[in-house]
Structures are given as C-alpha cells and as structure tokens.
Amino acid sequence: MPKTYTAAVIGSTGKGGYGHRLDTAFDIDDVELVAIADHDLEGLADAGERLGVSRLYRDYRQMLETEKPDFVSIAPSWVTERVPMIEAAAAVGCHIYCEKPVAGSLAEVDAIVAACQNAKVKMGVAHQWRAMLPVQKIIKDVKTGRFGKLLRVRTRPKDDSRGGGEELLLHGTHLFDLMMAFAGEPRWASGHVTVNDRDATTDDTGQGNAPVGPIIGDSISAVFGFDNGVRGFFDSTAGLAIPGESNFDNLYGLSLECERASLELREPGDVYIYAAPRVLPDLQDLAWERVWMPEWHERPEHAPDLLRKNWLSIGNRTLARDLIDAVETDREPLSSIQMVRFVSEMVQGVYSSHLLAGRRITIPLTERAHPLDGS
C-alpha cells in the first residue's frame, strides 16, 4: 500500500503571496496537506479556507517545528526570506518544493545548497516547463541524437516591461534550466548589458518590480558555452511585447538548432519541429510540425484554452510527484537545486563579463559575491 505523506505550505501575503499556484502543488494522491504558515492574518485565513486546512500558523518556523511535515511548498515569489525559510525546513528534515527564482545571488544559493546537503533533504524547483510531457519527450529525442548533433540553443523571455536585467533571472531561470536540460552544464558566460542604448554601469543597479536581487539593464545579450561546442544565447529587450498594444502576447520561448532540424518550444509546453537547421522560406515544401502526443493533447483538461489557464498547476503537481519519487529512489529531482546553482552562475557570469568588457567568464565562478552588490 502506498505511503501517505504529509505536506505544508509557506506563503507570505503581500510579500510574494503563494507564487505561481504553489499552494496546490501537493494536491495529489497519497499526500495530506496538514498546515499553512503566513505572517498575514487575513491571508492566512483565506489560504486555510481555500485549501481546506485548519492548522494555521503565523510563524513558519513554529509550523515546521510543530508539524515536521515530510514535504513543504515554499511559495512566495519574493526572494527576501528564501534562505531562512529553506534552512528552517532543512533543519527539521523536510523535503522542499520551491518557487523560482530561488534566490537573488549566488552566495545565497550556495547557502541553500549547503543547508540541503547537510540535512540530506531533496529540493525541487518550480520550473513548470520542464514538467510538460511534450517537453520531456523532446529533451530525450535531442539527447539521443534523433535530429543530429545539437548546435545552438536560443532563448527569449517575455520582453515586456521587465525585459533586460529583471528577466535575466525572473524568466531566465526557466530558460536556463531548459537550456541545461538539452546541453548540460555551462562552462563559460559572456554578456553585454545596456540602459537606454548605452553600456550599463554599476551606477545603474536597482531592483525589479519584485525583489529578485540586484539588476541592471533594459537590454541584454548573453552567450554561454557548453561541452561539444554547443552555444546558448539569451536576448532580452524591454518593451517589445506590451499587453494590449502588441499584436503578440510575448516572445517567450526556446529555439534549438540541430544538424537536421530546428525546434521551437512555446508556452505552455508545445513543441514544433522544422526539418532543416534554420528556416528556409524559399523551400515551400518545408513547414513546422507540431509534436502531437495523444496521451497529452487528447486529455480534456489539456484542450488549448484550459491548458493555458491550468498549465502551472499541472506542472507543479507533476514536479511534486517527481520530488516524491526522487526521495523514494534517492535521485535528483528533474529541476534540482544543483541546476539552480548553475542558473545563478550564468546570471552573475553575464554581469561580471559585461563589467569586464565582454570577457568570457569561466563557470563555476571563483568569485561568489554578486558583481552588483556594491561591495
């Protein structure tokens, strides 16, 4: 008979809330949600009613020490108290599912990795794209060489008002996680950052719409080197996709160039294949083909309109199940804290490279302090 696990939720109303539906991540078979913590009384009461939970705490430390759940969903989208939340969960042996971005600096991620390793707990991260079945399939297809050698991976975030520095981490965390799923661990980074079409400096350092660590730039171009000559590219410019004004909702996606095909990944997890390494408009017999998986696309809840509304919840539950399986089989989760460490290496590597006139920065970084922290 399957074991029944206990789970809890940490939210923070007014300071990142419950993230991208992370309060419902453990709404799955064989898991009982037993407690919620939120410093805000009204937000805590709302969450308790919404989730049908009666054991409510204003102090997440007290909740963790009293309940000692098997799993906890650390849901706030703000990173301001991420490290103490994770350290408190690890201290009671609780495995963790965490909102992204995980932290605003590499030094904070290092502290999180140390806390999890010392406590021997697993941590999965809410990179929901990784959980979509068509995406999982295409990762395997590329890695097994179905399309020939992987050559290049190109990524674009939403390029709305947050384009540039904020999206480098806010949405870059999804895109870099996927980039590594295809290409492996990054070996170096090079970047160029501008503000109002001039080179950015440390004097331009600020914060985003929500706390994600220090940022600069409204336009960024970055290149990453991987094994086997694979290169990854990240480009972002603020204001290209304005809701209600542009004739497209966002540019969010990932493009792969292989020897025999181009691949496009689009939100919320669709994959398209083109039978050439780049688009050749003069060859009209070539066209994009959508990857069709009956076990995914023919499920009623995966109809396009419903999937767009619910894909984050689907992804969270998939990754929560994966985390449980990782604990049971003693493996790393699909999107692990080690992957997040490399995301932070890539982000800080871009800034370090820019401040050194584009010099390639070796990953892992020897300097763990954030290049924009002013120290």
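This is a predicted model: local features need pLDDT of at least 70, side-chain atom pairs count only at pLDDT 80 or more; totals for chains, interfaces and linings use all residues.

Biologist: Which residue of β10 is the bridge partner of alanine 189?

Modeller: β8 runs antiparallel to strand β10 (residues 219-226), and 8 bridges join them. Within β10, the bridge partner of alanine 189 is phenylalanine 224.

Biologist: Which residue in the turn of the β8 and β9 hairpin has a positive phi of about 50°?

Modeller: β8 is joined to strand β9 (residues 198-199) by 2 bridges in the antiparallel sense, with valine 195 opposite arginine 198. The hairpin leaves 2 residues between its strands. Aspartate 197, in the loop between β8 and β9, has a positive phi of about 70° although it is not a glycine. The turn residue with a phi of about 50° is asparagine 196.

Biologist: Why can β8 be called largely enclosed by the rest of the structure?

Modeller: Buried means under 20% relative accessible area, exposed means over 50%, and partly exposed lies in between (1.4 Å probe, protein chains only). Aspartate 197 counts as exposed because its relative accessibility is 79%. Strand β8 (residues 186-195) is largely enclosed because its buried residues number 8 of the 10.

Biologist: Is histidine 354 buried or exposed?

Modeller: Histidine 354 is found in helix α10. Leaving aside neighbours within four places in sequence, histidine 354 is in contact (heavy atoms within 4.5 Å) with Gly191, His192, Val193, Asp199, Ala200 and Ile216. Because its relative accessibility is 8%, histidine 354 counts as buried.

Biologist: How do α7 and α10 lie relative to each other?

Modeller: Axes are lines fitted to C-alpha atoms, for helices over the stretch in contact, and angles run from 0 to 180 degrees between N-to-C directions. Helix α7 (residues 172-183) packs on helix α10 (residues 337-355) at about 110°, and their axes are 9 Å apart. Angles under 35 degrees count as roughly parallel, over 145 as roughly antiparallel, 65 to 115 as roughly perpendicular and the rest as oblique. The relation of α7 to α10 is therefore roughly perpendicular.

Biologist: How many nonpolar residues does the contact of α7 with α10 have?

Modeller: Thr173, Phe176, Asp177, Met179, Met180 and Ala181 of α7 meet Met339, Phe342, Val343, Met346 and Val347 of α10. Ala, Val, Leu, Ile, Met, Phe, Trp, Tyr, Cys and Pro count as nonpolar, Asp, Glu, Lys and Arg as charged, and the others, Gly among them, as polar. The contact of α7 with α10 has 1 polar and 1 charged residue, and its number of nonpolar residues is 9.

Biologist: Which are the edge strands of the open sheet?

Modeller: The open sheet has 6 strands in the order β3-β2-β1-β4-β5-β6, with parallel pairing. Its edge strands each pair on one side only, and they are β3 (56-57) and β6 (123-125).

Biologist: How are α3 and α4 oriented relative to each other?

Modeller: Helix α3 (residues 82-91) lies across β1, β4, β5 (95-98) and β6, and runs at about 155° to β5. α3 and helix α4 (residues 106-119) pack at about 5°, with axes 9 Å apart. Their orientation is therefore roughly parallel.

Biologist: What is the omega of the cis peptide bond from isoleucine 363 to proline 364?

Modeller: Proline 364 lies in the segment after β16. Another cis bond runs from lysine 100 to proline 101, with omega near -10°, and proline 101 is in the loop between β5 and α4. For the bond from isoleucine 363 to proline 364, omega is near 5°.

Conventions
Residues are numbered from 1 along each chain as its sequence is written. Side-chain values use heavy atoms; hydrogens and water are left out. Helices (H or I, at least four residues) and strands (E, at least two) are DSSP runs, numbered from the N terminus. Two strands pair if DSSP finds at least two bridges between them.
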